[in-house]
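Keep the model open beside this text. The tour goes sheet by sheet, then to a pair of helices.

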Amino acid sequence: MDAAVKQKVETWLNGNYDEETKNEIKKLQSSNETELIESFYQNLEFGTGGLRGLMGVGTNRMNKYTVGMATQGFANYLKKTLGNVEIKVAIAHDSRNNSRFFAETTANVFAANGIKVFLFEALRPTPELSFTIRYLKLNGGVVITASHNPKEYNGYKAYWNDGGQLVPPHDKNVIKEVEAIKSVDDVKFTGGESRITIIGKDIDEAYIKMVKSLSVYPDVIQKQHDLKIVYTPIHGTGITLVPKVLKEFGFDNVTIVEEQETPDGNFPTVVYPNPEESETMSIGLKKAAELDADILLGTDPDADRVGIGIKNHKGEWVLMNGNQTAVLAISYMLEARRAKGIAQPNDMVIKTIVTTYMIDAIAEKNSVACYNVLTGFKWIAELIKEKEGKENYIIGGEESFGLMVGDKLRDKDAVSAVAFLCEMAAYEKNKGVSLYNKLIDLYIQYGFFYEELISITKKGMRGQEEIAEMMKAYRDNPPTTINNSPVVELLDYQTQEGRNLKTGETWKIELPKSNVLQFKLEDGSKISARPSGTEPKIKFYFSVHTRLGSKEAFDNALAAQKQKIQDIIVNMKLK
């Protein structure tokens, strides 16, 4: 164990930390030195979105003290930035172990610093926190969640007064203030309890009313009120609002997946509480098949991501990926608004740079502006704010199962997305069309775009270094061909430069810096490499496309698209 780690351990053993924490450190000293080193070798980084990490003792873990220091830094920044006004924040939390404790710790620290706190009475979806900041006209907020991570994790997401997560300059400035907190003795943990107000049902009602206003075709729902819906909250916060919202929309045939209905931070029925995982949605798929349902929906623990299952053209239950769900939702929004006569000339949609370019094609053919931003809904929120009063945001999405309908909040929202996707299913059913056949129709109309994602995990102290080395190698020696197709463009979002590898022409990428590389191939394929900002992973996004002439050609075209991606993965030595 090196001297720096030893010093940190001694500081915790001799400082103002509770006895339970000190005893746990002593236990690790005697029985698990590797874990002790992992717990202290670095400080849990307060990144541009906040904190996320394993729970436990130490500077590199989520615990009372790391949460307290993060909150003290955020409080200091709010006070420095806003000056002598009454500062107000909201705090919410998900169903994870320790989430309530961390939320109360956060509330106490803010309150002890003279800040008025609105703390939800119990677990609530993350999007409701974003809505609350706007609805109550607050200065910021925090939600305690690790989203879809395994049960050992928790996290802390910081929000600004627009209801979006922190963006420049606030993100970097808050980080500086958090890093300036050098000791737990700098944190005010108690002394302002009277400044904490408990909130709940009144906000729920306002939020549900807002979500109901997003419905485009309530009359169609009346005709299809008995649409067979199966819903799973995957042991998370969705159970608090999704059933109420579906009822408010007018759907009265909703089955909750009983095995996953109860909020539980141990997520007993799944390995990863993530609707992107087929294993996680398997119980719901079984229930949907038993009931011969029309649609299955699942939300992650903090209810900002949504996954859907539908029957394919052969009658088999399949899960849509995030790109397919976004394509269906956005095409429905454009079609429904036009059919209803409420489309506006300044309507716009927003997506991220790693999300399917089929959405760009759909928007272009419908004469609607489509903007691409960096990965993460905070960038969608930032662009909405920038274009407020000039362009009308109607819907946006990202491939990682995130949708945001309307601009009344500024984060991905699986609660409103569930209701909106059910309305979409009702709309197509009313025309005698299944959602899967609708998707095939869209492929014929706009081009057959197909995407896949792989994540490569690199754990431990060496993990981040290995990921950095991979990105450096791609930058220093970019491939000239991938899968026998020449690489024609290299987009480096870190240097903010695009380059045509054939002509040498370069151009500036007008987006904030981000550690993302994209390779565009001559055959139209696109590969994106992006290290995760919250996990020890590097993600590779693959996009291929072709023309689809008929429904009969779909199966062969799909098999060819899948094989092409597998060939790219092998060629890039990622398998």
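Contact means heavy atoms within 4.5 Å. Axes are lines fitted to C-alpha atoms, for helices over the stretch in contact, and angles run from 0 to 180 degrees between N-to-C directions. Helices (H or I, at least four residues) and strands (E, at least two) are DSSP runs, numbered from the N terminus. This is a predicted model, where local features need pLDDT of at least 70, side-chain atom pairs count only at pLDDT 80 or more, and totals for chains, interfaces and linings use all residues. Residues are numbered from 1 along each chain as its sequence is written, and side-chain values use heavy atoms, with hydrogens and water left out.

Start with the six-stranded sheet. Its strands run in the order β1-β5-β4-β2-β3-β6; the sheet is open and the pairing is mixed. Two strands pair if DSSP finds at least two bridges between them. From one strand to the next, the twist averages 15°. Five bridges link β1 to β5 (residues 153-160), in the antiparallel sense. Leu-54 has Tyr-153 of β5 as its bridge partner. Helix α6 (residues 126-135) lies across β2 (88-93), β3 (116-120), β4 (140-144), β5 and β6. It runs at about 170° to β4.

Now look at Tyr-159, which is found in strand β5. Is Tyr-159 buried or exposed? Its relative accessibility is 0%, so Tyr-159 counts as buried (buried is under 20% relative accessible area, exposed over 50%, partly exposed in between, with a 1.4 Å probe and protein chains only). The side chain of Tyr-159 makes a polar contact with the side chain of Asp-411, at 2.6 Å. A polar contact is a pair of N or O atoms within 3.5 Å; within protein, one must be able to donate a hydrogen and the other to accept it, and residues adjacent in sequence count only if both atoms are side-chain atoms. Not counting residues up to four places away in sequence, Tyr-159 also touches others, including Phe-74, Leu-129, Ile-133 and Val-143. The C-alpha atoms of Tyr-159 and Ser-130 are 7.6 Å apart, though 29 residues separate them along the chain.

Next comes helix α4 (residues 64-82). Asn-63 caps its N-terminal end, with a side-chain oxygen 3.0 Å from the backbone nitrogen of Tyr-65. Just after α4, Gly-83 takes a positive phi of about 70°.

Move on to the four-stranded sheet. It is open, with mixed pairing and the order β13-β12-β14-β15. Its edge strands, β13 (369-373) and β15 (402-405), each pair on one side only. The twist averages 20° from one strand to the next. Strand β14 (residues 392-398) and β15 run antiparallel, joined by four bridges. Gly-396 stands opposite Met-404 in β15. Helix α14 (residues 377-387) lies across β12, β13, β14 and β15, at about 165° to β14.

Thr-352 belongs to strand β12 (residues 347-352). Thr-352 is buried, at 0% relative accessible area. Its side chain makes a polar contact with the side chain of Thr-355 (2.6 Å). Leaving aside neighbours within four places in sequence, the contacts of Thr-352 include Asn-372, Leu-374 and Glu-398.

Finish with two packed helices. Helix α12 (residues 322-340) and helix α16 (residues 435-446) pack at about 80°, with axes 11 Å apart. That makes α12 roughly perpendicular to α16 (under 35 degrees is roughly parallel, over 145 roughly antiparallel, 65 to 115 roughly perpendicular, and the rest oblique). Among the residues making the contact are Val-327 and Leu-328 of α12, and Leu-439 and Leu-442 of α16.

Technical notes:
Expected span 1.5 Å × (residues − 1).
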